[in-house]
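Subject: Handing over the two-chain model

Hi,

Here is the structure I promised to pass on to you. Please open it first, and then read my notes below.

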Amino acid sequence: MRTLEQTTQEILDLASKHFNVPAGSLAPDDDFFMKLGIDSLQTLEMLSRLENHFGIELPDYEVQGVSNFRTLASRIQSRL
Amino acid sequence: MKSFTGKTLRWQWRDGVIELTLDHAPVNEIGSVVLAELEEFITASGALGEETSACIISSARKQGFSAGADLRELYRGASALPEKERLAGLRGFLERIHAVLNALDAAPFVTIAAVHGVCFGGGFELALACDMIIADKMARFAFPELRLGLIPGWGGIPRLKRDLGNAFVRDLLLTGRSVNATRAHAIGLVAQLAAEGEVLRVARATAAQVAKFDGVTRAAAKKFIKPILHEELRREIDLFCELFARPTVMAALKKFVESTDGMPYLP
């Protein structure tokens, strides 16, 4: 079972890889809309990538209102 | 007409396969121009029916297959009309889109929706009218209509019920959530999964396989296994119009159109 820290790091790595942000430039409390510069459809893309990576289903209503990686990680953690 | 290039879509017939490509920015929102061109497509594909084994519907837009109905056009059009005319116009549009989707549903050739990215609302209903959905693993499906105080109005519920268990239909409909391609495949909504960027190639390979079989048998098998649910589809139009008449719908449409929310596509 992953720890919350591990889950958070995996999200940061995945976001960095797929949204062309330099590795190491993202932090758990960053606002991912701002930091990644993504719109609503790209947010859905990120959701799909997270679901595929972690092998989970994360309904979009659970991530509505979430904007930082740490909270996103806790939502994912509750589905692992 | 074996090829066509319109303002929002294009098609080409080659070796028994029609490829219909949706290409309307931003994500193939379906409004009056798309509908008119889909009607042209239905007429043309009807004439090509006997020499056609399969039709692939896909999108040239990077972000997905279709984000659904053009809600901005719907809101603008509806706002400009008195209520009585508004409902008459809406019903006319619904009758036309149902005629298109029913014709696609009953086409004598095999129809394949090659889906990537978002496949929401009316876009999902277009895919559901096809015989099979082949999905890129990054595709997502949703019926977000309840956020507007509406139900899917283009045959979505009857067709989803025809294909899947009622529990999943209720989950998708009542929560408005989107599901990924892997989940959609697991529950039988998606026939085949494709790797990222490979959906059209997989759909073409499937179309080539379908073409090997006798056309009369193929059409008979399709008709036998895939009944068109005319009565439920008609009831859906009535219910949609009934719900649309409530002021809450126009208010929700206004909110959507004016939204600056980071995730306006989500309920």
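The axes themselves are lines fitted to C-alpha atoms, for helices over the stretch in contact, and the angles run from 0 to 180 degrees between N-to-C directions. Helices (H or I, at least four residues) and strands (E, at least two) are DSSP runs, numbered from the N terminus.

Please keep in mind that this is a predicted model, in which local features need pLDDT of at least 70 and side-chain atom pairs count only at pLDDT 80 or more, while totals for chains, interfaces and linings use all residues. Residues are numbered from 1 along each chain as its sequence is written, and chains are lettered from A and ligands numbered from 1 in the order in which they are written.

Now to the helix pairs in chain B. Helix α2 (residues 71-79) and helix α11 (residues 247-258) of chain B pack at about 130 degrees, with their axes 10 Å apart. α2(B) and α11(B) are therefore oblique to each other. The crossing of α2(B) past α11(B) is left-handed (the near helix is turned anticlockwise from the far one by less than a right angle; clockwise would be right-handed). Residues are in contact if their C-beta atoms, placed from the backbone, lie within 7 Å. On the α2(B) side these are Leu71(B), Arg72(B), Leu74(B), Tyr75(B) and Ala78(B), which meet Met250(B), Leu253(B), Lys254(B), Phe256(B) and Val257(B) in α11(B). By class, this contact of α2(B) with α11(B) has eight nonpolar, no polar and two charged residues (Ala, Val, Leu, Ile, Met, Phe, Trp, Tyr, Cys and Pro count as nonpolar, Asp, Glu, Lys and Arg as charged, and the others, Gly among them, as polar).

In the other pair, the axes of helix α3 (residues 83-105) and helix α10 (residues 230-244) of chain B come within 10 Å and cross at roughly 150 degrees. That makes α3(B) roughly antiparallel to α10(B), and α3(B) passes α10(B) in a right-handed crossing. Leu87(B), Leu90(B), Arg91(B), Leu94(B) and His98(B) of α3(B) make the contact with Leu233(B), Ile237(B), Phe240(B), Cys241(B) and Phe244(B) of α10(B). These residues divide into eight nonpolar, one polar and one charged.

The C-alpha atoms of chain B fill a box of roughly 55 × 35 × 35 Å along the principal axes.

Chain A has five helices and zero strands, and its C-alpha atoms fill a box of roughly 30 × 25 × 20 Å, also taken along the principal axes.

Finally, how do the two chains meet? The contact takes 14 residues from chain A and 18 residues from chain B. On the side of chain A that touches chain B, the largest share, eight residues, comes from α3(A). By class, that side of chain A has five nonpolar, five polar and four charged residues.

Best wishes

Methods: Angles under 35 degrees count as roughly parallel, over 145 as roughly antiparallel, 65 to 115 as roughly perpendicular and the rest as oblique. Two residues are in contact if their C-beta atoms, placed from the backbone, lie within 7 Å.
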